[in-house]
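Here are my notes after going through the model you sent over.

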Amino acid sequence: MSEQELKALRLRIDALDEKVLELISERARCAQEVARVKMASLAEGEVPVFYRPEREAQVLKRVMERNQGPLGNEEMARLFREIMSSCLALEQPLKVAYLGPEGTFTQAAAMKHFGHAVISKPMAAIDEVFREVAAGAVNFGVVPVENSTEGAVNHTLDSFLEHDMVICGEVELRIHHHLLVGENTKTDSISRIYSHAQSLAQCRKWLDAHYPNVERVAVSSNAEAAKRVKGEWNSAAIAGDMAAGLYGLTRLAEKIEDRPDNSTRFLMIGNQEVPPTGDDKTSIIVSMSNKPGALHELLVPFHDNGIDLTRIETRPSRSGKWTYVFFIDFVGHHRDPLVKGVLEKISQEAVALKVLGSYPKAVL
Ligand SMILES: O=C(O)C(=O)C[C@]1(C(=O)O)C=C[C@@H](O)C=C1
């Protein structure tokens with residue numbers, strides 16, 4: 001390519017950037033107007049709700065439907081995700097607590113869902129994320145709930161039994177683990193590998209094959225593991241891209257998870273009910289009496305009404321020995337007439353039924 005051609009193309013890019021800049025600014029001014037309208041239409045004592053997950057899902061879906069390339073749908077939606085995040089921050093910066101420390105996959109999930117213009121706050125444990133939201137110190141919390149290789153995150157499920165929380169969103173993240181070392185690590189004499197117990201389990205086969213005799217030490221998060229190895233000579237950590245970058249670690253081996261499709265689903269928790277979008281999911285907790293056929297009775301109404309169950313999980317109820325609660329996710333919104341009917345039917349048979357929330361299916 002000649003210098004002249006390159007110069008001409010760059011001039012075109014400059015001109016386009018000016019237009020993009022002006023359009024983004026116009027959009028941001030529009031969002032400021034939206035905030036003004038929201039404030040003006042408040043009833044006496046009503047608190048304004050700036051964040052609208054149902055609207056955000058709609059905007060992102062529209063972008064993906066209309067996108068003609070060459071950028072892929074996900075890439076384009078990711079750009080719009082950030083524009084919307086910045087527009088919302090003009091209305092009101094969201095405060096979001098997540099399972100920390102900095103560099104965890106949960107932080108990456110929070111950024112994927114809310115964008116980077118939020119004020120994010122790392123918490124030391126899942127229960128602390130719940131408490132921070134319950135105390136009103138943040139608008140939302142982000143916690144992991146299930147992994148495609150290792151199953152449920154029990155701490156999260158149990159926290160729902162102890163706190164009154166509304167689920168207002170979900171996000172799925174492809175989880176890639178790397179074996180990381182610090183600059184002083186003697187790589188031929190690694191005697192210890194740190195990571196979160198779930199991550200160690202997700203890489204079990206790889207570790208058995210490559211480091212069968214090395215001690216595996218479970219710590220509170222993979223970011224914590226990355227932080228530790230920075231100062232140690234004979235240890236490595238299993239963690240993701242964010243932690244590797246944050247703590248300046250070297251990748252000794254990449255993508256060491258046993259299953260290439262290893263993914264984790266995260267939930268956004270808060271106090272805000274989300275209206276239907278037409279493409280939603282609902283999460284409920286149900287406890288049934290301990291009698292034969294109880295689980296069958298619980299599932300029949302879903303089957304009879306053609307409602308798609310996406311997950312069912314059992315946990316000890318904590319209110320009696322050998323009694324259980326069921327965590328159920330299904331497609332639909334609790335305000336849909338069909339779903340309403342199913343929930344009424346179940347509550348007639350159940351000891352207790354709690355709707356944890358209805359929320360848009362993950363778009364990104
Ligand atoms: O439509 C709204 O209610 C807005 O506040 C605007 C907007 C946007 O930028 O599109 C910003 C934040 C909301 O979470 C949803 C959408």
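The points below take the domains, one interface, the ligand site and the salt bridges in turn.

1. A reminder before anything else: this is a predicted model. The protein chain splits into four pieces, namely domain 1 (50–91), domain 2 (92–173 + 261–271), domain 3 (176–258) and domain 4 (272–358). Note that domain 2 is written as two segments, 92–173 and 261–271.

2. Domain 2 puts 15 residues into the contact and domain 3 puts in 16.

3. How much area is buried between domain 2 and domain 3? About 1200 Å², with carbon and sulfur atoms giving 62% of it. On the domain 2 side, F105, E150 and N262 lose the most area to domain 3, and together they make up 42% of what that side buries.

4. Looking at where the domain 2 side comes from, the elements giving two or more residues are α4 (105–114) and β4 (151–152). Of these, α4 provides the largest share, 3 residues. By class, that side of domain 2 has 5 nonpolar, 8 polar and 2 charged residues.

5. Now the ligand. Around it you'll find R27, V34, K38, F50, Y51, R52, R55, E56, M84, C87, L88 and E91. R27 has a polar side-chain atom 2.8 Å from a ligand oxygen, and K38 has one 2.7 Å from an oxygen atom of the ligand. For E91, an N or O atom of the side chain is 2.5 Å from a ligand oxygen.

6. Last, salt bridges. Searching the whole structure turns up 26 of them. One to look at is D164 with K354, whose side chains meet at 3.1 Å, N to O. Why pick that pair? D164 is in the loop between α6 (154–162) and β5 (166–174), while K354 is in strand β15 (residues 352–360), so the bridge ties together parts that are 190 residues apart in sequence. As a general point, side chains of opposite charge can pair when their charged atoms come close.

Conventions:
Residues are numbered from 1 along each chain as its sequence is written. This is a predicted model: local features need pLDDT of at least 70, side-chain atom pairs count only at pLDDT 80 or more; totals for chains, interfaces and linings use all residues. Side-chain values use heavy atoms; hydrogens and water are left out. Domain bounds come from an automatic or database domain assignment. Contact means heavy atoms within 4.5 Å. Buried area is the accessible area (1.4 Å probe) that two parts lose on being put together, summed over both. Helices (H or I, at least four residues) and strands (E, at least two) are DSSP runs, numbered from the N terminus. Ala, Val, Leu, Ile, Met, Phe, Trp, Tyr, Cys and Pro count as nonpolar, Asp, Glu, Lys and Arg as charged, and the others, Gly among them, as polar. A residue is near a molecule or strand if one of its heavy atoms lies within 4 Å of it. A polar contact is a pair of N or O atoms within 3.5 Å; within protein, one must be able to donate a hydrogen and the other to accept it, and residues adjacent in sequence count only if both atoms are side-chain atoms. A salt bridge is a side-chain nitrogen of Lys or Arg within 4 Å of a carboxyl oxygen of Asp or Glu.
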